[in-house]
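Hi everyone, thanks for coming. I'd like to walk you through a structure today, going from whole chains down to single residues.

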Amino acid sequence: MAKELWKGNEAIAEAAIRAGCKYFFGYPITPQNEIPEYLSLHLPKIGGCFLQAESEVAAINMVYGAAGCGKRVMTSSSSPGISLKQEGITYICGAELPAVIVNMMRGGPGLGTIQPAQGDYFQATRGGGNGDYRHLVYAPATIQEAADFVQLAFDVADHYRNPVMILADGMIGQMMEAIEWRELPKRELPEKTWATTGTKEARQPNVINSLYIDPNLCAEHNERLAKKYAAMEENEVLWEEYNTEDCEVLFVAYGTPSRIARAAIRQLEKEGIKAGLLRPITLWPFPHKALKAAAQQASVKAVVDVELSMGQMIDDVKIALEGCKPVSFVGKAGGVVPTPADVCAAAKAAIGR
Amino acid sequence: MNKRIQIITGHYGSGKTEFAVNLALHLARQGEETALADLDIVNPYFRSYEQADRLEAAGVRVIVTSCGGAADIPALNPAVLSIFEDRSLRGVLDIGGDPIGARVLARFAPKLATEDFDLLFVLNANRPETNTVDRALDYLQGIEAECRQRVTGIVNNTHLCSQTTPEEILKGAALASALSERTGLPIVCHGVHRRFLPQLEGSLAEPLFPMELYMKKPWEINREEEEFIWQES
């Protein structure tokens, strides 16, 4: 298929429609507004429902309801709006429902700025809601990936009966890139026998709930969830390595900083320094094993973590490395993006050049 | 593009902001006293005001929406009026890339009634909402309806960011011709990165407008021009 030029947010919205999403509930916030705008125009044309809720809290609870009916449903927001959705996300995890949640991150904390940031890593990977819950987090670095991962997210959500988050900085939502529409290999998905689709008086009603009166039942429920999360850790980890073989400096970055790190790698090469990049694609589950393997190469002198935050993913980097190599950090928060030159300088400092 | 005020509209991704920045710099280099007004009240990123340092260094006065453009507050800076009041100025107005964004112009309708201006529709054949004559025409008419003005010319600025080729520009030229035939509007020029000028010289009836790329992505900014753009991916 011919390449087309798509804006990240629009591509995510179109990808959702192509993945069979017919329901979207949201509330406007910059820099993700093109997602609801696109879906408000196009969902009604395919017999779907777009609804601008009265708040993010209402929107995520509408997602909870539609997901309980077994329908493919999405919501999107940006940092402060995603904070408001945290209660709904833990309920959706507790009730074991599939849904796709997009966070197009902006500067924080609080209302922050409308410029790109990655300050919601902790919230996305550790959970901002209560209880022992987990959900997959996909971090696209290109518009092609943004479109592909939406498709993947819907399938994975259905596969595990669990919400999936697409986590990107605002730059990914706002920039334009050439993409090709393509279909990923389909997963074999279980039938949604649990959905509240009407009993037709042929079965007992299905109940969607996250409340357990009996603590023993709730403990069992948690054991079952933990097994599901372990399966995700076993089967769903994704990452990309660029130039990592025999590298002297190993960058770890996702989203926009990974593109900046790649530019820095080309610059460092000109200066005689071999640098590589390990880019986590799933932030949870994090590619701990792959990162440790790359860092353990004898050639690696230093690991440099690059983020649009004051250092959040670096915790996972340190967990992965188990102290095997020194880790340093370069990044900016609040909507300012480091330049390739900033990243080159950090790499040189890390190896004493 | 000889009229005193050049108003630049088009779909997001058409490259209208890139075109507006290039046009303002072009006018300034020709010795014209030039002002560029970033009137995009819709788009938060990739705005012409981000090039204020470069533009001002070249002598272009830059006028931005409220809060320096960095907040999503759709309020216009009264300094925009200086472009209408000071008739010694050449003005370039960069308008938001959809009919809603174009509504800003309606506020200046009384001023424009007595003004000498071009309203240019920047076209990119690779944007899904303007990739056929029907869609491009719908978009053009949507903009005209909201801004209460008539488009006076078409600019073919077809590109695929870093994956642009001369063939893409020619594909866009064909769409622009078809749109021109349908509407009777002239093709004012083809926006062409200077790298492609030798290949395209003489192949199109309308003038080629040489473009530099200023609206770079964050990973492109320290790189040499030749390298960052045509070799990525």
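Predicted model: local features only at pLDDT ≥ 70, side-chain atom pairs only at ≥ 80, totals over all residues.

Let's begin with chain A. Its secondary structure comes to 13 helices and 14 strands. The radius of gyration is 21 Å, close to the 20 Å that the globule rule gives for 353 residues, so chain A is as compact as a globular protein of that length.

How much of chain A is buried? Of its 353 residues, 58% count as buried. As for the contacts in chain A between residues at least 6 apart in sequence, 81% of them join residues at least 24 apart.

On to chain B, which has nine helices and eight strands. Its radius of gyration is 17 Å, which agrees with the value near 17 Å for a compact globule of 233 residues. Along the principal axes, the C-alpha atoms of chain B fill a box of roughly 45 × 40 × 35 Å. Buried residues account for 61% of chain B. Of the contacts in chain B between residues at least 6 apart in sequence, 72% join residues at least 24 apart. The accessible surface of chain B is about 9200 Å², and carbon and sulfur atoms hold 50% of it. Chain B carries 23 positive and 33 negative charges, with mean positions 4 Å apart.

One residue to look at in chain B is Ser180(B), in helix 7 (residues 166-183). Is Ser180(B) buried or exposed? It counts as buried, because its relative accessibility is 17% and the cut-off is under 20%. Leaving out residues up to four places away in sequence, Ser180(B) touches Ile154(B), Leu185(B), Pro186(B) and Ile187(B).

Finally, some backbone details, back in chain A. As a reminder, most residues other than glycine have a negative phi, and most peptide bonds are trans. Here, Gly108(A) and Pro109(A) are joined by a cis peptide bond, with omega about -5°. You'll find Pro109(A) in the loop between strand 5 (99-105) and helix 6 (121-126). A cis bond also joins Trp284(A) and Pro285(A), with omega about -5°, and Pro285(A) sits in the loop between strand 12 (282-284) and helix 11.

Then there is Arg161(A), not a glycine, yet with a positive phi of about 50°. Arg161(A) lies in the loop between helix 7 (143-160) and strand 7 (163-169) of chain A, and is partly exposed at 25% relative accessible area. Glu322(A) has a positive phi near 50°, in the loop between helix 12 and strand 14 (327-331) of chain A. Glu322(A) is exposed, with a relative accessible area of 59%.

Terms used: Residues numbered from 1 in each chain as written. Chains lettered and ligands numbered in written order. Heavy atoms only, no water. Helix = DSSP H or I, 4+ residues; strand = E, 2+ residues; numbered from the N terminus. Rg over C-alpha atoms; globule rule 2.2 N^0.38 Å. Buried < 20%, exposed > 50% of the residue type's maximum accessible area, 1.4 Å probe, protein only. Contact = heavy atoms within 4.5 Å. Areas by Shrake-Rupley, 256 points an atom, 1.4 Å probe, with all protein chains shown as cover. Lys, Arg positive; Asp, Glu negative; His and termini not counted. Charge placed at Lys NZ, Arg CZ, Asp CG, Glu CD.
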